[in-house]
Amino acid sequence: MKAGQIIFIIILAVVAYLAYKSYSKIIYNIRLGKANRIVDRPKDRWRNVILIALGQKKMFKKVVPAFLHLFIYLAFLLTQVELIEILLDGILGKHRILAPVLGGFYTLVIATVEILSVLALVATSAFLIRRLILKIPRFFQSEMIGWPSKDAIIILGLEALLLFAIFTMNGTDVLLQGIMPEKYPDTGTLPVSQFLGPWLFGGMETSTLMFLERMAWWLHVLAVFGFLLYLPISKHLHILLAFPNTYFAKLTPKGEMDNMPDVMSEVKSMLGLTTDDVAVGDGAMDELPEFGAKDVMDLPWNQLLAAYTCTECGRCTSQCPANLTGKKLSPRKIMMDVRDRAEEVGEQMRKRPADSEEVFDDGRSLFDYISPEEIHACTTCNACVEACPIMINPLDIILQLRRYEILTLSQGPSDWVPMFNSLENTGAVWQLPEERDAWIRQ
Amino acid sequence: MEVKTMAEFQSEGIQPELLFWVGCAGSFDSRAQKISKKLVEVLNMAKISFAILGQEESCTGDPARRAGNEFVFQMLALQNIETLNAYAVKKIVTTCPHCFNTLKNEYPALGGNYEVIHHSQLLKSLLDEGRIKVEGDVFKGKKITYHDSCYLGRANDIYEAPRSVLEHLDNEIVEMHRSRANGLCCGAGGGQMFKEDEPGNKRINIERVDEAANTGADIIAVNCPFCLTMMNDGVKEKDKNIMVYDISELILQK
């Protein structure tokens, strides 16, 4: 076994272990949410996965970014095929093990990777220009200050590094194939590297070429491993979670708010509408029930999945009428807050003894992240829901928080009190002296 | 104006074809009352037998539910469903997309199942079938822009019915930059109609009126009594020479 092989296998094992740890944390955090069985309409759900996650249908609301994003995405998908070979080569200590086996098909795959990589390089540059030079407003709102902005730049930088590695690797390989065909199997004609290779590396010593090829190969491997470990702490988790998130997304009309069955049965018995003899006040209701959500544990798990899926693109916020008119509400911030709070709760929960039966309480809640002013500004217009390319629904969370505020805390905008009173007493939103059908006689 | 209630029909032993759900705005808001009357005109012209609930109608509960007050919502909704089911109501028309959305999408979970249509859908089919026709030429030569309400549009994916109603007019129709699924809210939904704005630098209705004014339109056509109020307030505040009408008022002009 060669030294390179041993190093590769050790790195692979360490990366696999670290990845297992950090991805387990994400799953743990998502499962902090309330149980919510989603098993209906599997066909429609798969349709959403195929059209919206895989097909990126909703990205195409903005055509230019959609194509740029598609280039990076396809390059990423196809690079995974190449990754299989890298793993095999690394473990077995071979060089381009699949080239002689697959022949023409191998050339096709690598050629496609090369073309997509060029397109991805264009896209990555364009995205960096958007963030660093054009400074598109939605990337510079208050919730993006600090880590979220850095995160985006790091990812784009990592992508650029990966592309640089791919072309150095292939470019030097093309030349080495001519020098040592027995060690460097024929890859067929590569569309980019056949020109780029001789142009950049032509005339170099064979040993320099070999060194560069190895360096680029390792850079490629390490960039991919780095990416894998970086994903769980970054907004880039969407490349994985977009699939489950679109599967579990809401299918009912956007205008429909979920019913609250507990409140319904209580109101029914209050109105004398219930036929079955429910024992009211048998002690089960001694403790006042909590309604709505004050923390991540009160939200259904799929909302936490959505929070981890959010890639902070800000399309929601750029469409939000409240945000557009200077209000504090930003739907993107709602998702980021839910994720940050889930991280915080998860971190503390994992520190507790496994058999702890106490209800978790760190004296904090989602309301330490999201102010009433934010949730009060929402017009429930669904523009954020419509705008999200991967079917995240910030509105549902806002409504859950409003329910908690009104039903459990009996707080909320004071302007709403007369409306609630009027609704309760007269059945109309306004308290008015006239009768409901007076308009007929006017 | 003669409009019968469900109770009156019942005492005659007749089941009307359609229930007109008037809603709070349509009942109490003086501007929206005109739309209620317009729809009565339309229904009479098309010879559709219809009733209202009259005093037996309550708010559907939409603003309470969206404000977070599920108790008040359930109270109103369950009472309304009792009433509707007692009269064996099958089909409902509303002039308000909020009532429409709640009756159509949210009452089934509480035991209220009805066929619910918005008056823009009714107008479309009556115009298409030739049962009503455009009357009057008060708005001749005026440019119209159509404002999508959130609860008819995004909430229920109804974008074309109101537009096809407007196509029956000879007027030029212009689209705002943000329209259909990308339409901008008027600022009233989610209980905002009944509270002061949160601190910001502009009112949402002003933002929308600015956008409408940029199209050069003389008329903003709406399908929602709350959008109507918001757009009217915006137009007044900006001192724009733009009129705001419900689509029914553009079909039967007086």
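**Helices in chains A and B: a quick tour**

Okay, let's start with A:I30, which sits in helix α1 of chain A, the helix covering residues 3-30. Before going on, keep in mind that this is a predicted model.

So, is A:I30 buried or exposed? The relative accessible area comes out at 9%, and since the cut-off for buried is under 20%, A:I30 counts as buried. As for what it touches, leaving out residues up to four places away in sequence, the partners are A:W301, A:L304, A:L305 and A:Y308. A:P261 is another story: 231 residues separate A:I30 from A:P261 along the chain, and their C-alpha atoms are 24 Å apart.

Staying in chain A, have a look at α2, residues 42-54, and α9, residues 238-247. These two helices pack at an angle of about 145 degrees, and their axes are 8 Å apart. Which residues make that contact? From α2(A) we have A:P42, A:R45, A:W46, A:N48, A:V49, A:I52, A:A53 and A:L54, and α9(A) brings A:A242, A:F243, A:T246 and A:Y247. By type, that's nine nonpolar residues, two polar and one charged. The crossing is right-handed, by the way.

Next up is α17 of chain A, residues 394-408. Just past the helix, A:S410 has a positive phi of about 50 degrees.

Now over to chain B, and α5, residues 70-86. How far apart are the end C-alpha atoms of this one? They are 24 Å apart, which agrees with the 24 Å that 17 residues should span at 1.5 Å a residue. α5(B) is mostly covered too, with twelve of its 17 residues buried. Among them are B:F73, B:M75, B:L76, B:I81 and B:L84, and also B:E70, B:Q74 and B:N80. After α5(B) comes B:A88, with a positive phi near 50 degrees.

Last one: B:N205, in α9 of chain B, residues 204-214. Its relative accessible area is 4%, so B:N205 is buried. Again skipping residues up to four places away in sequence, B:N205 touches B:C186, B:M230, B:M231, B:D233 and B:G234.

That's my tour, thanks.

Terms used
Residues numbered from 1 in each chain as written. Chains lettered and ligands numbered in written order. Predicted model: local features only at pLDDT ≥ 70, side-chain atom pairs only at ≥ 80, totals over all residues. Heavy atoms only, no water. Axes fitted to C-alpha atoms, helices over the stretch in contact; angles between N-to-C directions. Helix = DSSP H or I, 4+ residues; strand = E, 2+ residues; numbered from the N terminus. Left-handed = near helix turned anticlockwise from the far one by under 90°. Contact = heavy atoms within 4.5 Å. Nonpolar A, V, L, I, M, F, W, Y, C, P; charged D, E, K, R; others polar. Expected span 1.5 Å × (residues − 1). Buried < 20%, exposed > 50% of the residue type's maximum accessible area, 1.4 Å probe, protein only.
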